[in-house]
Amino acid sequence: MTRTRFRIAMVGCLFALLPGAARADEPDAEQLVRQADQYARDKKYDEAIESIRKAIKLAPSNDHYLMVASEIERRAGRFADGLRDAEAAIKINDKVGLYYALAAANAYHNEEPELALKYCRKVIEMGPEKAGGAAVVNDAKAYEDALVKKTYTITWNLDPSDPQHRKFIGDYIPVALPKDNLPYQSVTVQVKGAKSHRIVKGEVNDVLRVTPNGDKTFQVITKVTVQPVSYKAKLAKAGGSLPPTTRAFLGPGEGFDPGSPALKKIAAEVKGTDSVETVRNILRWLQKNVKYKEESSNITKLDFKTVEEIVERGHAECRGYTMLFVALCRAAGVPSRPVWGVAFLPKGFASHNWDEVYIAGVGWVPVDPQKVETFGWLPTNRVRVFMDLRKSDRSEENLPLLNLVFMNGEKLQYEQSR
């Protein structure tokens, strides 16, 4: 399992003033910035922003204060404000690479890909010496990587020889495929070494039906092209009624019942005036009440019996986050489903879970419940494979996924290109 995130090299004391940034005639402003720093350390972002805004009012031409404001706003999730203040700092002093890095980070999370890419490339162009160090440049490269289209060539070598590790349906083995025809993902498939195969594409999942050549290993080679796609504009215009087909994603599943008193209580607290507001409220609730903690590396077994256990203990790994998010969305009347896929990281790849919610007038929208800002803005290091949901621990809705995993599906090989 993985928990991916971006970072900015500016960490530690926000008041680590750049040379010449403070002036002797600004003691009151300096005190306010120090106060903002302490509030930010304590994650009291409203108070921190109030303090830094007072400092800026006293010293509106101090680019460093604007930079501090931008970083606090980034941490607080106020990305539009963070972008505004980073650009204001650049306007005053266009020689500081960290200002461009903050502008890139805030633009990225504000779902403005072209602007974020422009600022990333400015930092990279400046180089470590002018940009403020290798860490700043590396961060810019990480954001740039998330903003360009890329293709992953994934090869699974699947072994049908062990009857305990694969299940037939009739004369074929169902195997999960990365989902094709998504706004942010397209897929082509090649199969080698099998007797025959057929691809069955569905609204939720794509399945490869393979008739193996005896017990011989066969290869499934997929080319998955992903690109950054923002649902921001569509979500702003969302509205209408739910299609009947989505109501199947409002009921109970393995490990959760949306009608339970504990989940209904939380749902009542987070329910907004519409589905978009409700989803965002649920994400904020998770951010406040659940911490990431991995207790098991076995991706086929839950480390909880019901999601209420997660609520009580206050921690989960990515699978737990997805199931609790689904349960809360459904309890609040928002259709939701968990998905499983692969996250490609600098040091390799990892199994990962996230979710999709149905928003009337928009459709199914991806979201990683560990990160508020991913609602309709999924990182391009993810490949969506399969909806991972069973009605019970004995049902076989995700049999294709289990076949993929048990038949050495985790030991994939991949190449990445732009």
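**Salt bridges**

I began with a search for salt bridges across the whole of this predicted model, and the search returned 22 of them.

I looked up Glu71 and found that it forms a salt bridge with Arg74, with the closest N and O atoms 2.9 Å apart. Both partners lie in helix H3, residues 63–76, and because they are three residues apart there, about one helical turn separates them. I then checked accessibility and noted that Glu71 and Arg74 are both buried.

Next I turned to Arg84, which forms a salt bridge with Glu73 at 3.8 Å between the closest N and O atoms. This pair links distant parts of the chain, since Arg84 sits in helix H4 (residues 79–92) and Glu73 in helix H3, eleven residues apart. Are the two partners buried or exposed? Arg84 has 42% relative accessibility and therefore counts as partly exposed, whereas Glu73, with a relative accessible area of 1%, is buried.

I also recorded the salt bridge in which the side chains of Glu356 and Arg337 meet, at 2.8 Å from N to O. Here too the pair links distant parts of the chain, with Glu356 in strand S10 and Arg337 in strand S9 (residues 336–345), 19 residues apart. Both Glu356 and Arg337 are buried.

**Strands S10 and S11**

Staying with strand S10, residues 348–359, I saw that it pairs with S11 in the antiparallel sense over five bridges. Within this pairing I located Ile359, which stands opposite Gly363 in S11. The hairpin of S10 and S11 has three residues between the strands, and in it I noted that Gly361 takes a positive phi near 90 degrees. I then asked how many residues of strand S11 (residues 363–367) are buried. Five of the five are, so I wrote S11 down as largely enclosed by the rest of the structure.

**The open sheet**

Last, I traced an open sheet of three strands, which runs in the order S2-S5-S4 with antiparallel pairing. Strand S2 (173–177) and strand S4 (194–201) stand at its edges, and because each has a single partner strand, one side of each is left without a neighbour in the sheet.

Terms used:
Residues numbered from 1 in each chain as written. Predicted model: local features only at pLDDT ≥ 70, side-chain atom pairs only at ≥ 80, totals over all residues. Heavy atoms only, no water. Buried < 20%, exposed > 50% of the residue type's maximum accessible area, 1.4 Å probe, protein only. Helix = DSSP H or I, 4+ residues; strand = E, 2+ residues; numbered from the N terminus. Pairing = 2+ DSSP bridges. Salt bridge = Lys/Arg side-chain N within 4 Å of Asp/Glu carboxyl O.
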